[in-house]
Amino acid sequence: MRAWVESLQARERLILIGGVAAAVLILLWFGAMKLHTQTELLRDSIGTKQRLLVELTRVGIQPTGSPAGTIGQGQTLVVLINASAKEHGIALTRSREDGPNGVQISFGNLSFDMLVDWLVMLEQQSSITVESASFTSAKQKGVVNGQILLHRS
């Protein structure tokens with residue numbers, strides 16, 4: 001390779017060195033742009049997480065990194081359920097306590113799949129189970145109105 005480069009005329013060597021230098025600069029530029037893009041994504045992620053932390057603090061949930069099954073154990077059941085419903089985009093029309101470990105909730109025009117996902121999450125993370133439920137279908141397919149009695153074990 002060295003012999004080949006030395007066999008080139010001076011003008012050809014300058015063009016070769018210039019091309020290699022340009023290729024290296026282009027690769028460095030693309031690497032720097034990728035790092036810049038990743039940095040911006042991380043900054044956005046941090047901002048989102050900070051806003052979430054402020055919102056969680058505002059509604060009274062302390063993100064302590066507690067193990068699964070213990071989230072919200074220090075809160076009243078009504079506060080926990082309302083905050084969780086809001087976090088999952090579920091608009092409750094009414095929620096009221098039903099004894100020391102129960103809450104009765106009402107909702108309207110809610111996707112049944114979204115409701116089931118939320119109830120599964122409540123059971124897994126906070127040991128809140130459905131004691132009884134009553135549903136009526138709405139005009140749209142897959143959308144329900146209803147009342148649920150939730151109970152913390």
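1. Two strands count as paired if DSSP finds at least two bridges between them. The elements themselves are DSSP runs, numbered from the N terminus: helices are H or I of at least four residues, strands are E of at least two. With that settled, Thr129 stands opposite His151 in β4.

2. Some housekeeping. This is a predicted model, where local features need pLDDT of at least 70 and side-chain atom pairs count only at pLDDT 80 or more, while totals for chains, interfaces and linings use all residues. Residues are numbered from 1 along each chain as its sequence is written, and side-chain values use heavy atoms, with hydrogens and water left out.

3. On to the sheet. Four strands make an open sheet in the order β1-β2-β4-β3, with antiparallel pairing. β1 and β3 are at the edges with a single partner strand each, so one side of each has no neighbour in the sheet. From one strand to the next, the twist averages 15° (axes are lines fitted to C-alpha atoms, for helices over the stretch in contact, and angles run from 0 to 180 degrees between N-to-C directions).

4. Now the pairings, one by one. Strand β1 (residues 92–97) is joined to β2 by five bridges, running antiparallel. β2 and β4 (residues 143–152) are antiparallel over eight bridges, and β3 and β4 are antiparallel over nine bridges.

5. A few backbone spots to look at. Most residues other than glycine have a negative phi. Asn109 is not a glycine, yet has a positive phi of about 50°; Asn109 sits in strand β2 (residues 102–111) and is exposed, with a relative accessible area of 59%. Ser127, also not a glycine, has a positive phi of about 55° and falls in the loop between α4 (112–126) and β3 (128–137). Ser127 is partly exposed at 24% relative accessibility. The cut-offs are under 20% relative accessible area for buried, over 50% for exposed, and partly exposed in between (1.4 Å probe, protein chains only). Gly99 takes a positive phi near 85° in the hairpin of β1 and β2, which has four residues between the strands.

6. Leu42 counts as exposed at 56% relative accessibility. Leu42 and Ala133 are 91 residues apart in sequence and 42 Å apart in space, C-alpha to C-alpha.

7. Last, a surface patch. Trp4, Leu16, Val20, Val24, Leu25 and Leu28 form a nonpolar patch with about 580 Å² of accessible area together. Five residues, the largest share, come from α2. Among them, Leu25 lies in α2 and is exposed at 58% relative accessibility. Patches take residues with over 30% relative accessible area and no salt bridge, joining like charges within 9 Å and nonpolar side chains (Val, Leu, Ile, Met, Phe, Trp, Tyr) within 5 Å. A salt bridge is a side-chain nitrogen of Lys or Arg within 4 Å of a carboxyl oxygen of Asp or Glu. Accessible areas are from the Shrake-Rupley method with a 1.4 Å probe, and for residues only the protein chains shown count as cover.
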